Amino acid sequence: MSTTLSRSRGRFAIIGVGNTEGGVMPLSSTGDAMFAEAAIKAIKDAGVDKAEINGLVTHGTEEERVHHQRIGAMLGLDANFSTSVDNGGASQVASIITACMAIDAGLCDVVLCGYSADYRAKIQRAGKKQAVQLVPESMLAGQFRYEFGYFGEMASYAFGATRHMHLFGTTREDFANVAVTQRDYASRNPNAQYRKPITVEEHLNARQIVDPFGLLDCCPVTDGAGAVIVARADRAQNIAKKTAYILGYGIANNIDGLFAGNNMFQTAGVASSKTAYEMAGITASDVDTAQFYDTTTAQTIMQLEDYGFCKKGEGGPFVSSGATGPGGIIPTNTAGGLLSEGHVAGMWHILEGVRQVRQSHPPERQIPNAEIAVISGNGGNSVCHGSLVLSRNPS
Amino acid sequence: MNEYTKPLPTPTADSQPFWDACRDEKLTCQRCDDCKTARFPPHHVCPNCLSVNSHWEEMSGKGSVFSFTVFRRVYDPGFADEVPYVVALIELEEGPRMLSNVVSIDPDKVVCGMPVKVVFEKATQEITLPKFEPAES
């Protein structure tokens, strides 16, 4: 491991955040309009002038290339540095890390990172019921997948969950406790897509999707957007009330794929968090709240293990003990996560981490005295991973 | 014979020999001529040593279920009569892992680690799919 990691500790900060609000967006919402709404709010929140933004990092949808150019033109940005990243669900964390590296290299000073999704509206406008029906014909061509009836994202995660249950004795009740706990947090979040509290029994009785997952193990399709402004910490210190310092970050990918080694039940968060913790000069015991990219209930359990909050294989009983709930050892996905707040590809996990360390939430949502938050992005069939350590203080 | 209505694989230049062998009811993988590593899915280059020299070799057809899932919902009309069906990652005894189906068993009886052996299902004149059924350990 590089001994120079600590060089970047606390040198950058998230100085503004913005998002679409209200839970479920009207079907007329477009991805561009939602991106613009989130970006305008983030710029205002940061207290910067649009002319100061000279960097832009985005993540487009699967069909779109050079997404950042179109977004930059829409917002009239004069960006020296712009790009779109392609790390699946790790892309939003990777966007912020890319922004830090670009600022560090002197390519830009103030960077807008953003993401928007309008899949739900697209599916319904197209008269379809399932996201998988939007998969273009060109993607359905191929081999070693569809001919065996292997469809949809949830199936990929199901393989890992089955193996985790086999090796460690994790139960469907453990998965249920993840969903119930996160829904409890979401019930206090007016921006969440699903807010009605659920019980373990309701979870277990929900219709089965793809074993071992039932409906409430799977994240929904969500429309919405989020954006953040990244700058050097010295720029941030002028407006300290709204700053979340980036103490550390890491990227690691299980690049040999979901089906290789132990990747299906052990995320690249093992290596990614090690880097981020080392840069930040902390250990898991210093973290006050975690926001984990939870495509399924099983993903929350695996990352609690991979980030060192419990031993590998003990994530199920750890959650079922109440460790991730309010007042627990590590309150996790405190806005509801992908499962209940909604799947804006992890951008809202970052916003939640920022708001917790700013301590800007109303009392019913605030983790008391939250100083340090860890955030993950996990995607590309669980191959790509990124970690952020945010802090109320610069060191 | 009824018309085959499920998705069919689209062979590539790299994978055509695999599908040709399946048509002859032989399960094959590439093996590197230099470091001897067996690999799947098919690629031009060995991921272990980057050698581009390899040959196709018949596998024993024996392996075990590394993990699996049961589909209970229909995502493609071709599978309407199949649900519930098992999609599994098979670890061949020679090492490579291969996505397939476990057939000839109640889906609720499939477990990780269970021994399986290949069987072949003819889909069309061109395509025969390698599937797996329970085997003696």
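## Strand pairing in chain B

In this predicted model, strand E1 (residues 28–32) of chain B and strand E3 (residues 54–58) of chain B pair in the antiparallel sense through 5 bridges. Strands (E, at least two residues) and helices (H or I, at least four) are DSSP runs numbered from the N terminus, and two strands count as paired if DSSP finds at least two bridges between them. Within this pairing, B:Cys32 lies opposite B:Ser54 of E3(B).

E1(B) is also joined by 2 bridges to strand E2 (residues 38–39) of chain B, and these two strands run antiparallel. The bridge partner of B:Arg31 in E2(B) is B:Ala38. E1(B) and E2(B) form a hairpin with 5 residues between them, and B:Lys36 in the turn has a positive phi of about 70°. Of the 5 residues of E1(B), 4 are buried, so the strand is largely enclosed by the rest of the structure. A residue is called buried if 20 or more other C-beta atoms lie within 10 Å of its own, exposed if 12 or fewer do, and partly exposed in between, with C-beta atoms placed from the backbone.

## Chain B as a whole

Chain B contains 1 helix and 8 strands, and along the sequence these follow the pattern α-β-β-β-β-β-β-β-β. Buried residues make up 26% of its 137 residues. Among contacts in chain B with a separation of 6 or more, 51% come from residues 24 or more positions apart; a contact requires C-beta atoms, placed from the backbone, within 7 Å.

The C-alpha atoms of chain B fill a box of roughly 45 × 35 × 25 Å along the principal axes. A compact globule of 137 residues would have a radius of gyration near 14 Å, and the 16 Å of chain B agrees with this. The radius is taken over C-alpha atoms, and the globule rule is 2.2 Å times the number of residues to the power 0.38.

E2(A) pairs in the parallel sense with strand E3 (residues 81–84) of chain A over 4 bridges, and A:Val57 stands opposite A:Thr83. A further 4 bridges join E2(A) to strand E4 (residues 110–118) of chain A, also running parallel; here A:Thr58 faces A:Gly114.

The largest nonpolar core has 139 residues, of which A:Ile14, A:Val111, A:Ile229, A:Val230 and A:Leu390 touch the most other members. Such a core is a set of buried Ala, Val, Leu, Ile, Met, Phe, Trp, Tyr and Cys residues joined through C-beta atoms within 7 Å. Helix H3 (residues 91–104) of chain A gives the most to this core, with 8 residues. Leaving aside residues up to four places away in sequence, A:Val111 touches A:Gly55, A:Leu56, A:Val57, A:Ala99, A:Ala102, A:Ile103 and A:Val230.

## Contact between the chains

In the interface, 27 residues of chain A are in contact with 28 residues of chain B. On the chain A side, helix H6 (153–168) and strand E5 (208–210) are the elements that give two or more residues, and H6(A) gives the most, with 6.

## Conventions

Residues are numbered from 1 along each chain as its sequence is written, while chains are lettered from A and ligands numbered from 1 in the order in which they are written. For this predicted model, local features need pLDDT of at least 70 and side-chain atom pairs count only at pLDDT 80 or more, whereas totals for chains, interfaces and linings use all residues.

Conventions: Two residues are in contact if their C-beta atoms, placed from the backbone, lie within 7 Å.
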